[in-house]
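Colleague: I am new to this structure and would like to learn how its features are read. Could we go through them together?

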Amino acid sequence: MQDLMIDLETLGTNTDAPIISIGAAWFDIPSRQIGNTFYAVLDVAEQMDSRKRFADASTIKWWMSQSNAAKNVFKDGAKDSSEILTMFYNWVMTNAGAGKNSKQTRKCMPWGNGAGFDITLMESIFKSYGVECPWMFYNIMDLRTYRRFVGNGAKVEKLGTDHNALDDSISQIKYIFDCEDAKDLQPAKVE
């Protein structure tokens, strides 16, 4: 599998926003299979104190209005952000078949829900912590563009808990599978 859906929960929308949690899942479009998954909660206070990542007041206010199930992310036992980012890098490299320390071209095709959000924030936090980015810039995929042109703007059906990064990643993968299945069912064009 080379496609990797990544979803983040954050305390802002700027590239220097603290990341609360990372959810990711490998998937294969032709076989409609979901592979290995990753989920971790990062230490937001440490990101703000040592890496000068900035929370946004409107995002904090938004989080306060979310369900208790969504807010459980703040109770999930945050771990050292540097350790989590290194674990995530190693997990991506291993699952992409490149090995933990490989310098070969990455085969990973990361997807985010928006060209300027999930992947951009991941690249920013990797840089903040001095962790190498495990994908090449030219392999980045964007679910919002896919939704517009393939899914005709249809919304992603949420599975699991809203604003749980892993549940959101899997919901987004299922959306792609459903769109691809619908394309497969389209009648052939008559010329």
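Modeller: What follows is a short walk through strands, cores and ring pairs. This is a predicted model, in which local features need pLDDT of at least 70 and side-chain atom pairs count only at pLDDT 80 or more, while totals for chains, interfaces and linings use all residues. Residues are numbered from 1 along each chain as its sequence is written, and side-chain values use heavy atoms, with hydrogens and water left out.

Colleague: Which strands does β4 pair with?

Modeller: Helices (H or I, at least four residues) and strands (E, at least two) are DSSP runs numbered from the N terminus, and two strands pair if DSSP finds at least two bridges between them. Here strand β1 (residues 3–10) runs parallel to β4 and is joined to it by 3 bridges, whereas 2 bridges join β4 to strand β5 (residues 141–142), again in parallel. Tryptophan 111 in β4 stands opposite methionine 5, and its bridge partner in β5 is methionine 141. Between β4 and β5 the chain passes through helix α5 (residues 118–129), in a β-α-β crossover that is right-handed (with the strands pointing away from the viewer, the path from the first strand over the helix to the second runs clockwise).

Colleague: Which residues have the most contacts inside the largest nonpolar core?

Modeller: A nonpolar core is a set of buried Ala, Val, Leu, Ile, Met, Phe, Trp, Tyr and Cys residues joined through side-chain atoms within 4.5 Å, where buried means under 20% relative accessible area with a 1.4 Å probe, protein chains only. The largest one has 29 residues, and those with the most contacts inside it are Leu4, Ile6, Ile22, Leu85, Phe88 and Met122. Helix α4 gives the most to this core, with 7 residues. Apart from it lies another core of 13 residues, among them Met5 and Trp111.

Colleague: How is a pair of aromatic rings described?

Modeller: It is described by the distance of the centres and the angle of the planes. Rings of Phe, Tyr and Trp (its six-membered ring) pair if their centres lie within 6.5 Å, and planes under 30 degrees apart count as stacked, over 60 as edge-to-face and the rest as tilted. The whole structure holds 12 aromatic pairs. In one of them phenylalanine 88 and tryptophan 91 are stacked, 5.8 Å centre to centre with 25° between the planes.

Colleague: What does the pair of tryptophan 111 and tyrosine 146 tie together?

Modeller: This pair is edge-to-face, at 5.7 Å centre to centre and 75° between the planes. Because tryptophan 111 lies in strand β4 and tyrosine 146 in helix α6 (residues 143–149), the pair ties together parts that are 35 residues apart in sequence.

Key
Buried < 20%, exposed > 50% of the residue type's maximum accessible area, 1.4 Å probe, protein only.
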